[in-house]
Amino acid sequence: MDAKLFGSAMLKFFSGLALMLLLLFLPAGTLRWFEGWLLIGILFVPMFLAGLVMMAKSPELLRKRLNAKEEQGEQKQVIALSGLMFLAAFVLAGLGFRFGWLPLPRGVSYAAAALFLLGYGLYAEVLRENAWLSRTIEVQEQQQVVSTGLYGVVRHPMYAATVLLFLAMPLVLRSLPSFLVMLGYLPIIAKRIQNEEAVLERGLAGYKEYKQRVKYRLLPGIW
């Protein structure tokens, strides 16, 4: 086992967990918030298990997933906007629980939790299919176009999974205002995809032909 990689993964995991606890429960003013704990559970338990599997079976993929440092200025802007969106959405959900702002029915929370886990399943399948899946936009040495499985349906199945995950989170928290904030992810991810495809077209052999075969980016028949 790579002790340095394991330590880095654990540090990022527990830092993310601590940040989420603060963003949710500090504005809520209490730890007695079932939906907050439900989101923490469905978000971090699968994440921890997936990290252990990647550590054992594909440490190089785990290393790529931990690297979130973008080199392109346009993508740095996308990351910054995403961070602000998440900050606003989670704080707003916590405040909404404290003050009772437009709570959604409890059944919405359970249905959204199921959708969230489905999104996690799609995300895991994408990780299995694509060994070059980095968190940053780049063309890697010896990288090849992946066109099978989910990549034969849409060009960006990972981003399709993240749309499902991110839009489900505020619904798990039963927060309509937070959901409206999270809708901002749609133009943000569209901007990232446009830039990513330009990079891949310039640097990845066969990507232009792949775009001609697989017409849709995120949703079959729509976009």
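Let me start with the residues around the second largest pocket: by class, its lining has 18 nonpolar residues, with no polar and no charged ones. Please bear in mind that this is a predicted model.

The volume of this second largest pocket is about 370 Å³. Among its 18 lining residues, those closest to the centre are A160, A161, V163, L218 and L219. Two elements each give two or more residues to the lining, namely α6, residues 157-172, and α8, residues 185-203. Of the lining, the largest share comes from α6, with five residues.

I now turn to the core. Which residues of the largest nonpolar core touch the most other members? In this core of 58 residues, they are M20, L24, L39, F90, F116, M169 and M182. At least two core residues are supplied by each of α1 (3-28), α2 (34-57), α3 (59-66), α4 (73-99), α5 (106-129), α6, α8 and α9 (207-213). Here, too, α6 provides the largest share, 10 residues.

Leaving aside residues up to four places away in sequence, F90 touches M20, L23, L24, L39, M169, L173 and M182.

Finally, confidence. The protein chain has an average pLDDT of 87, and 90% of the residues score at least 70. Helix α7, residues 176-182, has the highest confidence, at a mean of 96, whereas α3 has the lowest, at 74.

Terms used. Residues numbered from 1 in each chain as written. Predicted model: local features only at pLDDT ≥ 70, side-chain atom pairs only at ≥ 80, totals over all residues. Heavy atoms only, no water. 1 Å grid on protein atoms, 1.4 Å probe; cavity = no way out; pocket = protein on both sides within 12 Å on 5 of 7 lines; lining within 4 Å. Points joined across faces, edges and corners; volume = space filled by probe spheres on them. Helix = DSSP H or I, 4+ residues; strand = E, 2+ residues; numbered from the N terminus. Nonpolar A, V, L, I, M, F, W, Y, C, P; charged D, E, K, R; others polar. Core = buried A, V, L, I, M, F, W, Y, C linked by side-chain atoms within 4.5 Å. Buried < 20%, exposed > 50% of the residue type's maximum accessible area, 1.4 Å probe, protein only. Contact = heavy atoms within 4.5 Å. pLDDT = per-residue confidence, 0-100.
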